[in-house]
Structure formats: C-alpha cells, structure tokens
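Please read the numbered points with the model open alongside.

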Amino acid sequence: MNQPLLVTAAHKAGPRLSLALGIAALTLLLALPLLSLLPADHALHVSAYVLTLVGKILCYAIVALALDLVWGYAGLLSLGHGLFFALGGYAMGMYLMRQAAGDGLPGFMTFLSWSELPWYWAGTQHFAWALCLAVLAPGMLALVFGWFAFRSRIKGVYFSIMTQALTFAGMLLFFRNETGFGGNNGFTSFRTLLGFDIAAPGTRAVLFLLTVALLVASLYLCWRLTRSKFGRLLTAVRDAENRLMFCGYDPRGFKLLVWVLSAMLCGLAGALYVPQVGIINPSEMSPTNSIEAAVWVALGGRGTLIGPLLGAGLINGMKSWFTVAFPEFWLFFLGALFILVTLYLPKGLVGLWNKRSQP
C-alpha cells in the first residue's frame, strides 16, 4: 500500500537529486585547478596529467552538447562535428605558433623554405582575432554547407554521409604541406599564451577554469534555447517536419541557425582544447572522432543535454584507461557498446534514469 507513495516521493526527489549531483560535480571541477597549485608532495595535489585529461574531456563534453543540440532536438545526425572542433583548434594554434616564433616564421614554414606567411595567417599574432577566427571559421563553413544542404532538403542518412564526407575532405586538405597548416604534424611546441608560460601551473589552472565556464555557459544557453518556443519548433522539425511546413513555418531557417550555433560551440571548445593538450593536427578531423561523438550522445541520451555530458565523460574516461591496458581492443569495445546502447538503451542512461524515476 505504501509502494505508490514511495514511488511518488522518488519521482519528486529526482530533480532535486539531479541538481545536487550537478552542484557537487561543479564544485569538484572548480576545486581541481586549485588543488593542482598545491605542492607536489601534498596529499591532495592534482597532477598536471590529471588536470589536462579532465580539461580535454570537458572540451569533448562541449562538443557532445553541441551535437545533441542538432541531433537530439533537430534530428540532424552530424558525422562531421570533428571538423568544426579542429578548425577552432587550428585558429588558436596559429596564434600560439606565432607567439612561439616571435618575429620570424613558424618552425614548419622555415623547414619548408617558405619566405613569408600566407595571406590567411594575417592578424593571427593577435589573440582577439584568433579567438574570433575560432568562432568564424567553423561558423562560416557551417553556414555555407547548411544553406546548400537544407535548401536542397537533404536530411536523414544522406545528410550524415555528406557531413562525414566534408570532414574527411577537410582532413585530407590539412594533411597537405602546401596548405600552410603544418601538414601531418600540425601545430605543436607552444610556449606562451598572452605572455604567460603555457606549461606553468597557474596558466593550466586558468585554462581549466575557462573550460568549465564555457561548459556551464553552453549548457545554460542550450537549456534556455530548448525550453523556448524556438526549441519546441526544433522538436517539431525533428518529429513532424511536414506538419510544421503545413502550419506555415519554413524549417530551413531553424535548422540552419541551430546548425551554425552548434558549429561555433565546437570551435570554441577546440580553441580551449589546443593550449591544454599542446598539439593540434589533422587527425582531429578524422571521421572516427565524429562518430565517437555520436556514441557519446547516444550513450548519455540524446535530447537531454545532461546525457551527452555524461556520455562524453564516461567514454573518454574509459578510453584513457582502455587504450593503455588493452589498446588493440578499444575500437571493438566502442563498437559493441554502441550496438548494446542502440538495442537495449535507445534513450541512453538518462532515459533509463527517468524510466526508473517514473511512478
């Protein structure tokens, strides 16, 4: 007789429990960079490796959130978000390479006997322009691609294939030395950021805090967006696009806006990823990386915002351990995980949690 009361109480406690867990996770993330500043022999000291690893995962979580915005709410499965992420990283990498080179050319250009910078490197010695470029480059590419794709009413699996082809073409282009982006090696050997030593504990701590701030701001923006009338129209695009058109709405504008916004978020995540990890190369544009991002979203639960963050954290945490202990089996494990989630957890971990919480 008390069972319905217990179920109802658990259902009501769900949002409060989720909020408490979110605050606890945010508190832990804010504490990590402070603990990294403690002496190395201190019991609570967080190593630079752990701080970099968590910072990298947070950048991936922003990508997962951006992908969830277009896939979970607008029904656009993109297999090319790795390209937008890498473009933002390359924009910041250009600035860091200019800082490391001083008044001369970046090292790889000197090695290739280049005499001057290409025209598209102009202004990259300024941090503000590099930051703008990290947003504008993926945003403009997404705008052009999306305008033609949505104008032609390409959707479904055809849209996914086209985005995968786009990121593969970008990877092949950046692999070429003639393009002026370091070829196969990409950008590395960064030294300073705004005059600060990029490897200094204080700089790493600030970069980590900026990543946390971007993640929280992106989550809040996406939450407000999806809870607005625009968000309801996005779900209508996903679930009944023909009915939406019958009601007098043009879905192309809504899809294009959310597509460009998602690409810009990926670019900002890439711009914060590069100074923390210390390298950017064309492998970040690999279609495999974009497919992995889709797995993050599917595991956590698409259309939930929080789920993709959990999926990105869990899978990348497992990947960090798996690729050390059993590197040859990681891709098999990832494929099996995706199959199991598709068959038994179509709504992801968050969907499973919501199902258990319902009376």
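How many aromatic pairs does a search of the whole structure find?

1. The search returns 30 aromatic pairs across the whole structure. The model is a predicted one, and every value below should be read with that in mind. One of the pairs is formed by Trp321 and Phe326: their ring centres lie 5.8 Å apart and their planes meet at 70°, so the pair is classed as edge-to-face. Trp321 is exposed, with a relative accessible area of 52%, while Phe326 is partly exposed at 37%.

2. A second pair, Phe322 with Phe333, is stacked, with 4.8 Å from centre to centre and 20° between the planes. This pair links distant parts of the chain, as Phe322 belongs to helix α11 (residues 306-325) and Phe333 to helix α12 (residues 330-344), 11 residues apart. Phe322 is buried because its relative accessible area, 14%, falls under 20%. Phe333, with a relative accessible area of 28%, is partly exposed.

3. Aromatic residues also gather in a group. Tyr90, Phe108, Trp119, Tyr120, Trp121, Phe174, Phe181 and Phe187 form one aromatic cluster. Tyr90, a member of this cluster, is also touched by Asn281, the subject of the next point.

4. Is Asn281 buried or exposed? Asn281 is buried, with a relative accessible area of 15%. Its position is in the loop between β4 (279-280) and α10 (287-300). Leaving aside residues up to four places away in sequence, Asn281 touches Tyr90, Asn184, Asn185 and Gly186. Its side chain is also joined to that of Ser283 by a polar contact of 2.2 Å.

5. Helix α9 covers residues 251-277, 27 residues in total. From its first C-alpha to its last, the helix reaches 39 Å, close to the 39 Å expected at 1.5 Å a residue. Helix α9 is mostly covered, with 20 of its 27 residues buried. Gly278 follows the helix and has a positive phi, near 90°.

6. Which side chain makes a polar contact with the side chain of Glu241? The partner is Lys255, at 3.3 Å. Glu241 is buried, with a relative accessible area of 14%. Not counting residues up to four places away in sequence, Glu241 touches Lys155, Ala236, Pro251 and Lys255.

7. Some values describe the protein as a whole. The protein has 13 helices and four strands. For 359 residues, a compact globule would have a radius of gyration near 21 Å, and the 22 Å of the protein agrees with this. The C-alpha trace spans about 80 × 60 × 40 Å along its principal axes.

8. Of the 359 residues, 44% count as buried. The accessible surface of the protein comes to about 18,400 Å², and 69% of this area belongs to carbon and sulfur atoms. Among contacts between residues at least 6 apart in sequence, 77% join residues at least 24 apart.

Definitions and conventions:
Residues numbered from 1 in each chain as written. Heavy atoms only, no water. Helix = DSSP H or I, 4+ residues; strand = E, 2+ residues; numbered from the N terminus. Buried < 20%, exposed > 50% of the residue type's maximum accessible area, 1.4 Å probe, protein only. Polar contact = N/O pair within 3.5 Å; in protein donor to acceptor, adjacent residues only side chain to side chain. Contact = heavy atoms within 4.5 Å. Expected span 1.5 Å × (residues − 1). Phe/Tyr/Trp six-rings, centres within 6.5 Å; stacked < 30°, edge-to-face > 60°. Rg over C-alpha atoms; globule rule 2.2 N^0.38 Å. Areas by Shrake-Rupley, 256 points an atom, 1.4 Å probe, with all protein chains shown as cover.
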